[in-house]
Structure formats: structure tokens, C-alpha cells
Amino acid sequence: EVNVQDQRHDPESLLSWMTTRIRRYRECPELAWGSASVLEHPVGSVLVHRCDWEERSLVLVHNLADSDAVVPLELLQDQPGTELVDLFDPALRLALGEDGRVEVPIGPYGSRWLRLVREGDLTLL
């Protein structure tokens with residue numbers, strides 16, 4: 001029998017997973033107040049949308065298939081050194097090419113919340 005007390009101390013538990021997602025959502029005003037747009041790309045099983053608010057941007061990638069995918073995206077880049085940083089795995093940093101292109105790997109039924117970070121940003125990750 002698993003109870004809440006056990007799950008609070010288990011970083012792999014469903015409670016921890018959900019708590020982390022709620023915390024990240026609250027830290028992302030782009031999701032609540034930003035303008036949203038769906039981004040075009042060639043992978044039919046993946047939904048990608050972008051939320052922009054003031055000087056902040058999030059790119060959310062959702063794989064609806066039972067297999068891995070690599071999603072090529074073309075994002076406007078306004079300065080060198082721009083990268084996408086995964087809010088649930090900050091070690092994953094994807095640098096945008098000079099042409100604003102990037103490839104995002106994603107697992108089966110996975111999702112990535114990627115903050116667009118420009119060089120010199122003090123944005124909270």
C-alpha cells in the first residue's frame with residue numbers, strides 16, 4: 001500500500017511528478033497570460049506550441065505517439081547564443097543555429113517545456 005507520506009519522499013512518485021509540473025506551471029506566466037501559437041513542423045504525431053509574454057517565451061513539445069521522435073523547428077532568433085532549456089531537465093540545452101533552426105528529441109508520449117533563453121538573460125529556470 002502506497003500512501004501520500006511515502007510518495008512525498010520518493011522523487012520518482014506520481015505525487016512528486018505532479019507537484020513538479022504544478023510548480024513549473026506557476027513559474028511560467030507565459031502559459032497564463034501569453035499569446036499562444038501552434039508551430040508548424042513535419043512530424044505528424046507531435047504537437048508544438050509557443051507561448052510568448054513580455055520578453056519571455058516557452059516552446060512546448062508533446063509527442064502523442066508510442067515511439068521516439070526528433071522534431072525539427074524553425075524559431076526566429078534575434079541574437080546569437082540563444083538556446084532552449086528544458087524546464088524539467090535544465091541539463092538539456094539545445095542551441096539554436098544561426099538560421100534559428102533546432103532539432104528537439106522527445107520520447108514516446110513525452111513532453112518538453114522549453115524556455116527560450118537569450119545570451120545574458122537572467123531568466124529563472
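**Reasoning about strands, cores and exposed residues**

Mentor: Strand 4 and strand 7 run antiparallel, and six bridges join them. Please keep in mind as we go that this is a predicted model.

Trainee: How do you know which residues of strand 4 belong to the covered face and which to the uncovered one?

Mentor: In strand 4, which spans residues 69-74, the covered face holds Ala69, Val71 and Leu73, whereas Val70, Pro72 and Glu74 make up the uncovered face. This pattern is what one looks for because side chains in a regular strand alternate between the two faces of the sheet.

Trainee: Which residues touch the most other members of the largest nonpolar core?

Mentor: That core has 19 residues, and those that touch the most other members are Val48, Val59, Val61, Val71, Leu84, Val102 and Val104. At least two residues of this core come from each of strand 2, strand 3, strand 4, strand 7 and strand 8. Leaving aside residues up to four places away in sequence, Val102 touches Val71, Pro72, Leu73, Leu75, Leu84, Leu94, Ala95 and Leu96. There is also a second, separate core of six residues, and among them are Cys28, Cys51, Leu58 and Leu60.

Trainee: Why does Glu54 count as exposed?

Mentor: The relative accessibility of Glu54 is 65%, and exposed means over 50%, so Glu54 counts as exposed. Glu54 sits in the loop between strand 2 (46-53) and strand 3 (56-63), and although Glu54 is not a glycine, it has a positive phi of about 50 degrees.

Trainee: Why does Tyr109 count as exposed?

Mentor: Tyr109 has 60% relative accessibility, and the cut-off is over 50%, so Tyr109 counts as exposed as well. Its place is in the loop between strand 7 (101-106) and strand 8 (111-117), and its phi, near 55 degrees, is a positive value in a residue other than glycine.

Trainee: Why does Ile22 count as partly exposed?

Mentor: Buried means under 20% and exposed means over 50%; the 38% relative accessibility of Ile22 lies in between, and therefore Ile22 counts as partly exposed. Ile22 is found in helix 2, residues 14-26, and together with Leu14, Trp17 and Met18, Ile22 forms a nonpolar patch on the surface with about 410 Å² of accessible area.

Conventions:
Residues are numbered from 1 along each chain as its sequence is written. This is a predicted model: local features need pLDDT of at least 70, side-chain atom pairs count only at pLDDT 80 or more; totals for chains, interfaces and linings use all residues. Side-chain values use heavy atoms; hydrogens and water are left out. Helices (H or I, at least four residues) and strands (E, at least two) are DSSP runs, numbered from the N terminus. Buried means under 20% relative accessible area, exposed over 50%, partly exposed in between (1.4 Å probe, protein chains only). Two strands pair if DSSP finds at least two bridges between them. Patches are made of residues with over 30% relative accessible area and no salt bridge: like charges are joined within 9 Å, nonpolar side chains (Val, Leu, Ile, Met, Phe, Trp, Tyr) within 5 Å. Accessible areas come from the Shrake-Rupley method with a 1.4 Å probe; for residues, only the protein chains shown count as cover. A salt bridge is a side-chain nitrogen of Lys or Arg within 4 Å of a carboxyl oxygen of Asp or Glu. A nonpolar core is a set of buried Ala, Val, Leu, Ile, Met, Phe, Trp, Tyr and Cys residues joined through side-chain atoms within 4.5 Å. Contact means heavy atoms within 4.5 Å.
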